[in-house]
Amino acid sequence: MIAVDLRQEDWRCAVAPLDGKPDVAEAGTHRSRDPEQVVDTVAQAVRRLHRRYGDRVRAICVAIAATVQHGRVVQSAVLGWDAVDLAALTADPRVPLLIGNDATLAGLAEARQGAAAGAATVLHLTVEVGVGGTLVVDGRPMHGATGAGGEFGHLPFGDPRLRCPCGARGCWDLAVDGRAIARRLGEPAPRDPRTYAEQALARTPADPAVRAAVAHAARALARGLAGLINALDPAVVTLGSLAESLRAAAEPEFTAALADGLMRFRRPNPPPVLAAALGRDGALHGAVVTALDHVLTEEGLAAWAAQCSSHPRHSTSAAS
Ligand SMILES: [Zn+2]
């Protein structure tokens, strides 16, 4: 499997054998976020891997910071994209190209092999630029009717006076990330909200104003999480990336806001809120899980067997 993680600031391409462990082969930072340029750069990396591994490549899965509907990118608030065709990311039409939202795939990986392994109903939340996540039930993300579900960041848990780049008003996205921290500090909107948030988190212990702004974002995250727990009833919650960093930086505020937002009957026994185990590699692991699921279907195995029999050099010792 080839797994691609396409984020707001950078991208990575990994190869994974059947044990499902991704090995990053190529990576880079976007020189521009122009979709044609980004897709072309990543497509060249995929083609190089394809040439190296040839027929052994059985599926390509792309994790992207974008909304995915019917297997296609329809919008990315964080990359500033509308619909973008990723078809160039497979060099061989026989190799399926699977595309998933990065936070959804990270949640899938946490539920299958990470901090929530073994739990049947898992809510994963992550903050990079904005907040994303998924509800995973029995090892399957709940995608909705068209695959575009799980856009938790665009719930109206934010300030209704603010218009989100997604087009909606009052999105939660704008209340929990680097943009929220900068706004609180009276600083201009950062070009890279993730890097900005990381720098603010590093300044938190020494600077009371920054700590107050970070705590404000942590409370907004916890309040929204409480609402999602009330609505979705997960057995376990996992927090990825900056979501866990915000909690760690302002634990008392986060914990108080979470408890305050829960319905009374839940308070004595709320679901555990765990740090994600796979860190920033979650989406890459989720892409491998998705590709592997595809390869190991009856259809995927039949296609593989048919290809092996048409290329005797790949068949087993029967020929020797
Ligand atoms: Zn939005």
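## Largest pocket

Helices (H or I, at least four residues) and strands (E, at least two) are DSSP runs, numbered from the N terminus. In this predicted model, four such elements each supply at least two residues of the lining of the largest pocket: helix H2 (102–113), strand E8 (121–128), strand E9 (130–137) and helix H9 (282–295). The largest share, five residues, comes from H2.

The volume of the largest pocket is about 650 Å³. Its lining consists of 41 residues, and those nearest the centre are Ala65, Asn101, Asp102, Ala103 and Val129. Sorted by class, the lining holds 18 polar, 12 nonpolar and 11 charged residues.

## Nonpolar cores

The largest nonpolar core has 39 residues, among which Leu125, Trp172, Leu221 and Leu225 touch the most other members. Helix H6 (residues 208–232) gives the most to this core, contributing 13 residues.

Leucine 225 touches Leu123, Leu125, Trp172, Val237, Leu239, Phe254, Leu258 and Val273, when residues up to four places away in sequence are not counted.

## Threonine 134

Threonine 134 is located in strand E9. Is this residue buried or exposed? Its relative accessible area is 1%, so threonine 134 is buried, the limit for buried being under 20%.

Apart from neighbours within four places in sequence, threonine 134 is in contact with Ala103, Thr104, Gly107, Leu108, Val122, Leu123, His124, Pro141, Met142 and Phe152. One of these, Ala103, is also listed among the residues nearest the centre of the largest pocket, and another, Leu123, is touched by leucine 225.

Terms used:
Residues are numbered from 1 along each chain as its sequence is written. This is a predicted model: local features need pLDDT of at least 70, side-chain atom pairs count only at pLDDT 80 or more; totals for chains, interfaces and linings use all residues. Side-chain values use heavy atoms; hydrogens and water are left out. On a 1 Å grid over the protein atoms alone, a cavity is a set of points where a 1.4 Å probe fits but cannot get out, and a pocket is an open set with protein on both sides within 12 Å along at least five of seven lines; lining residues have an atom within 4 Å of a point. Grid points are joined across faces, edges and corners, and a volume is the space filled by probe spheres set on the points. Ala, Val, Leu, Ile, Met, Phe, Trp, Tyr, Cys and Pro count as nonpolar, Asp, Glu, Lys and Arg as charged, and the others, Gly among them, as polar. A nonpolar core is a set of buried Ala, Val, Leu, Ile, Met, Phe, Trp, Tyr and Cys residues joined through side-chain atoms within 4.5 Å. Buried means under 20% relative accessible area, exposed over 50%, partly exposed in between (1.4 Å probe, protein chains only). Contact means heavy atoms within 4.5 Å.
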